Amino acid sequence: MIQCKTSKEISGMGHSMKRKEDVRFLHGKGHYIDDLKLPGMLYMDIARSPYAYAKIKNIDISEAMKVPGVVAVVTGKDLEKYNLHWMPTLMSDTQMVLPTDTVMYQAQEVAAVIATSRYAARDGREAVKVEYEVMKPVIDPFKAMHADAPVLRTDKPGKKDNHIWHWEVGDKAKTEKVFKDAEVVVKQDMYIPRIHVSSIETCGCVADYDKVNNHLTMYMTTQAPHAIRTVIALVAGHVGLSEEKIRVVSPDIGGGFGGKVPVYPGYVIAIAVSFLTGKPVKWIEDRSENLQADSFARDYHITAELAGTRAGKIQATRFKVLADHGYTDASANPSKFHTGLFSIATGSYDYDTAYMEADAVYTNKPPGGVAYRCSFRVTEAVHAIERITDRFAFEIGMDPARLRMKNFIKKEDFPWKSPTGWIYDSGDYHAGLKKAMEAIGYDALRKEQIEKRKKGELMGIGISTFTEIVGAGPSKDFDILGIKMFDSAEIRVHPTGKAIARFGTKSQGQGHETTYAQIIAEELGIPAANIQIEEGDTDTAPYGLGTYASRSTPTAGAAAAVAARKLRDKARKIAAYLLEVSEDDLVWETGKFYVKGAPEKSKTIQEIVFAAYTNHPQGMQAGFEATHYYDPPNLTFPSGAYICVVDIDKETGAIHVRRFVAIDDCGHIINPMIVQGQVHGGLTQGIAPAMYEELIYDEDGNILNGTLMDYLVPTAVESPKWETGHVVTPSPHHPIGAKGVGESPTVGSPPAIVNAIVDALSPYGIKHMDIPVTPFKVWKALKEKGVV
Amino acid sequence: MIPQSFQYESPGTMADAIALLEKHGDEAKILSGGHSLIPMMKLRFATPEYLIDINGIPGLSYIREEKGTVKIGALSREAEIEHSDLLKKHFPIFADVTKLIADPQVRNRGTIGGNLAHGDAANDHPAVMMALQATVIATGSGGSRSIPIDEFFFGFYTTALKQNEILTEIQIPVPPAGTGSAYHKLERKVGDYATAGVAVQLTVDGKGVCKAIGIGLTNVNPIPLRAVRSEQALLGKVINSENIALAAQFASEDCNPSADLRGSEEYKRAMVAVLVKRMVLKAAERAMGK
Amino acid sequence: MNKVITVTVNGVQQVLEVEPRTLLVHMIREILNLTGTHIGCDTSSCGACTILLDGKSVKSCTILAVQANGKSITTIEGISTEGELNPIQEGFKENHGLHCGFCTPGMIMRITELLKDNPDPTEEEIRWGISGNLCRCTGYNNIVKAVLYASAKMRGVPTASTEPEFV
């Protein structure tokens with residue numbers, strides 16, 4: 001049981017408070033972007049390229065303009081007049097808003113049709129006739145790196161290849177030496193395929209430009225409204241939009257997972273059209289567009305190597321990555337981190353030597369590089385280390401749990417400096433794995449496995465003991481387009497002791513309206529039920545970088561605690577004044593100050609706040625408000641120990657996940673119910689890429705599974721009944737000791753599943769399977785080994 | 001995703017529906033459950049000028065037994081088939097198959113007639129109907145005619161239905177005692193089209209000899225396929241592992257699957273063999289009341 | 001040519017003029033402004049648009065508005081009075097069966113029929129019963145728990161603990 005300092009009535013930290021936001025959703029009264037209707041609103045639909053790589057010879061809009069209801073068709077040439085046909089990406093690359101001469105991927109935006117109704121816009125879209133000169137696309141990233149590969153980004157003067165950047169970290173020479181001298185070296189190529197977040201709500205916006213007041217209100221599905229406002233000001237400043245005249249509103253969001261961080265061309269076109277027409281313009285993607293054109297995640301080709309001793313000590317790791325970025329680098333990473341936080345790939349293990357390098361390459365695929373419920377490329381890193389660790393265990397014939405126990409960083413060694421320079425804040429990896437093994441009955445399962453194997457049955461047990469890195473991040477290293485990655489909270493307590501608090505983040509289902517209120521309740525003793533949380537409106541909320549990468553609790557959550565403590569300091573002063581004692585004589589107990597040694601002499605927080613408006617000490621500012629911009633001193637390092645059991649049908653390759661136990665350490669827990677819910681959801685988004693999801697392209701760059709008929713989002717039938725638990729090692733540098741949890745399970749679970757599958761197949765000499773591991777792949781592997 | 005404009009007709013009688021079909025020719029499509037057609041129209045893969053909605057025609061939705069034949073009205077929804085006690089009594093295969101068709105909401109709309117008339121080898125009922133040796137009743141201006149299921153499927157999305165005919169009923173002979181049936185398909189996730197699917201109905205005598213058998217295959221051939229050689233391998237013979245293996249082998253040889261995201265041709269052939277084996281065994285167990 | 005249809009929506013009869021191609025979900029959202037019914041895909045895959053048509057759960061993105069002529073429609077807005085939660089809604093709240101809330105109305109409408117047909121479903125039956133509804137946030141555990149809670153409540157038997165099993 002989690003110990004709570006506050007009563008249930010207050011519902012501070014540790015209470016499984018039922019969510020405050022639920023009621024409106026349960027009545028169908030959420031306000032999602034497509035629910036918004038404004039007077040005179042126009043609708044936009046977008047004609048897209050059927051080809052992956054083609055010159056645009058002509059765009060004929062005449063038939064489209066004849067469609068009843070169509071008011072305009074916008075092409076790249078139209079935007080070029082305003083220098084809006086290209087835009088910068090978050091990684092300082094460039095991306096087309098609409099093309100003027102060349103399309104670079106299938107489903108790329110080609111022309112926008114604006115009409116008085118959704119149906120007319122779609123009819124207009126069908127009537128846009130585009131003449132293309134089809135070119136041979138470059139789809140395979142390895143071929144794209146060849147010296148003789150056609151150069152794709154001919155728009156970049158002097159660009160002579162498709163290489164985007166090279167990145168490396170660690171001690172190359174030392175790593176080479178350790179590998180050279182090692183008793184055991186294992187090496188594995190693995191592909192972490194291109195996937196898509198596919199939140200059930202797609203992306204969309206209503207751009208509402210008011211010509212009279214030269215004011216833009218941009219309602220949109222964004223996880224980072226403040227950053228978007230600044231980007232709009234930077235991109236559209238030259239046409240007269242300045243930042244104080246831009247308001248970005250992010251309404252209720254139907255799932256984000258990183259897919260709602262980028263600025264998509266559709267948003268920019270909608271703004272441009274609203275600017276030109278003076279009317280609100282709505283653009284809502286359909287699912288096919290969302291899957292086919294919006295930012296992908298992953299797409300890392302990794303070669304992982306591990307050097308160790310026969311006795312099972314890990315000595316060094318080496319990782320080489322080829323990152324397929326599509327036609328532009330539109331990754332959503334902190335600006336200085338091309339590979340995100342991939343350098344966490346040394347994992348949960350105690351060794352001091354590692355080297356990693358990565359190269360990124362252009363291909364004729366959609367741009368992206370977003371999270372998919374993951375902190376900046378950490379999933380790729382965790383997959384690499386947890387798979388290669390299992391390969392090592394297999395190679396030396398050691399039980400993978402024992403091998404992990406032997407190599408874990410010890411609890412007492414935190415804070416611990418990793419070979420790539422991170423300072424892990426805290427953890428107890430041994431306790432986590434031990435708890436997971438006990439929960440699942442590890443030893444009994446291994447015995448059962450021996451019996452099953454005698455009968456030729458395929459059963460596997462897989463482990464993943466991962467370390468996450470979240471909460472970006474400290475301003476000395478972390479920024480996006482120069483804006484430091486702090487986040488913020490502003491708390492206003494009203495005279496009757498009820499509060500409103502606003503944040504720079506934006507919930508997409510994480511439950512901020514409840515958990516932020518609980519943090520403030522913990523600090524001030526005001527019931528969480530009486531604390532209203534607001535996010536997503538740049539006119540009212542303090543500036544912040546938004547919600548992604550499990551950063552809300554580590555940054556804005558911290559800001560809430562610090563801002564509340566500022567208020568408590570003020571409350572102490574007021575209480576001292578009211579009780580006519582010295583501040584030093586006051587003791588804080590949730591919800592009130594009392595006089596040391598005389599607990600009957602006290603003032604509740606409500607009395608104190610009322611006095612702040614009615615009877616405040618002379619010389620003190622009236623009111624009861626505080627704001628804090630929290631710049632984290634370090635990242636936080638949640639961890640987990642996951643164990644998966646699978647049974648495989650040898651004849652068909654069908655994989656049944658029999659059990660899955662997840663023990664998470666996300667530090668102090670604000671709301672166990674929500675944390676557990678986040679873990680459940682993250683696990684299903686872990687089994688998804690492990691067994692079901694991949695965006696697949698043919699050699700001509702055609703996407704082969706661009707709808708939910710073939711892009712296989714798991715249902716309740718595929719998703720197992722998850723078993724969850726936790727250990728707590730508080731983050732020592734975080735005001736409330738919390739670490740963040742939303743993404744850990746997505747990051748940590750795929751290797752547990754794959755390790756279980758490979759474990760099941762290992763008697764036949766199968767050492768690796770690339771995700772998604774499908775029945776067909778399993779059958780093929782068994783076939784190649786002559787088993788079926 | 002929005003369909004192209006069309007004219008909508010909602011005839012109240014079969015005669016009116018057929019008259020509309022004759023009037024509009026190839027420009028018209030019949031709307032039954034709509035769960036194949038409307039998605040295709042939303043994607044604008046299908047752009048009919050006239051949509052003739054037969055859902056308002058009374059008397060097309062029923063499941064009843066008459067003189068040794070079970071008759072299923074073409075507008076019977078998958079959900080009705082799933083929960084029909086009459087079908088459960090004679091044909092356990094329907095419980096197998098309906099559970100695997102799409103999802104509950106789709107089964108509330110999708111009709112058995114539409115599932116067959118769509119002529120899609122990926123649909124599940126064609127194989128089942130082949131296993132059950134059903135007869136399809138087609139109604140046109142000149143009245144109704146019976147089409148044996150083996151003669152119903154012609155080619156890719158084409159059936160023996162004439163342009164001015166509507167599939168109105170499916171007739172299935174009630175099998176004798178000692179009969180069992182079973183269906184299974186491998187799917188990538190619940191509700192998916194089959195990677196491979198196999199339907200079996202067989203009758204056994206007291207000695208375990210197969211007296212009658214039908215085997216249909218789903219989504220492993222350009223048109224729905226009856227596994228005739230597999231049936232022959234078991235008909236009149238004892239259902240033992242040797243004969244089952246032969247039946248399985250024949251089915252895997254006689255189908256003609258194409259490689260796609262669900263797997264290679266080789267995989268699908270292998271899965272046909274596995275499923276023939278499993279479904280014959282399951283049907284035989286049911287036949288013998290196990 | 002537009003068609004005039006008569007539909008009963010959440011108990012209120014409405015006469016509407018629609019294009020034949022108008023999807024039922026667009027009629028509900030755009031004409032009737034009942035925006036609790038959502039759209040999540042193009043291929044009848046996600047179930048976000050699930051409503052009850054004459055009491056049967058259906059995907060309103062794959063039905064034409066004209067097909068609803070003479071029928072009754074129930075949407076999320078019609079299953080309880082504002083300010084009160086029915087047992088299914090309560091089950092979702094008590095068991096944290098929703099995160100972003102986008103799939104929730106469709107889920108609830110589907111479950112409404114599921115529990116009518118099968119008042120005491122097993123966990124397995126619930127999972128198959130909601131297999132036409134995708135949720136990207138919750139991992140389904142708590143949705144299953146919410147249905148079990150609602151089932152118990154509707155049958156008048158004690159509900160299981162709503163505390164998280166987060167040991």
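How much area do domain 1 of chain C and domain 2 of chain C bury between them, and what percentage of it is on carbon and sulfur atoms? The two domains bury about 1200 Å² between them, 59% of it on carbon and sulfur atoms; buried area is the accessible area (1.4 Å probe) that two parts lose on being put together, summed over both. The model is predicted, with local features requiring pLDDT of at least 70 and side-chain atom pairs counting only at pLDDT 80 or more, while totals for chains, interfaces and linings use all residues. Residues are numbered from 1 along each chain as its sequence is written, chains are lettered from A in the order in which they are written, and side-chain values use heavy atoms, with hydrogens and water left out.

**Domains**

- Chain C is divided into domain 1 (3-78) and domain 2 (87-155), the bounds coming from an automatic or database domain assignment.
- Chain B is divided into domain 1 (7-54), domain 2 (63-173) and domain 3 (179-285).
- In chain B, the centres of domain 1 and domain 3, taken over C-alpha atoms, are separated by 35 Å.

**Interface between the domains of chain C**

- The centres of domain 1 of chain C and domain 2 of chain C, taken over C-alpha atoms, are 21 Å apart.
- Domain 1 of chain C brings 18 residues to the contact and domain 2 of chain C brings 14 residues, where contact means heavy atoms within 4.5 Å.
- Strand E3 (50-53) and strand E4 (56-59) of chain C each supply at least two residues of the side of domain 1 that touches domain 2; strands are DSSP runs of E, at least two residues, and helices are runs of H or I, at least four, numbered from the N terminus.

**Interface between chain C and chain B**

- In this interface, 29 residues of chain C are in contact with 29 residues of chain B.
- Chain C and chain B bury about 2500 Å² between them, with 61% of it on carbon and sulfur atoms.
- The rule finds 1 salt bridge across the interface of chain C and chain B.
- C:Lys59 forms a salt bridge with B:Asp103, and the closest N and O atoms are 2.6 Å apart.
- Elements giving two or more residues to the side of chain C that touches chain B are E3, E4, helix H3 (104-117) and helix H4 (123-129) of chain C.
- E4(C) provides the largest share of that side, 4 residues.

Conventions. A salt bridge is a side-chain nitrogen of Lys or Arg within 4 Å of a carboxyl oxygen of Asp or Glu.
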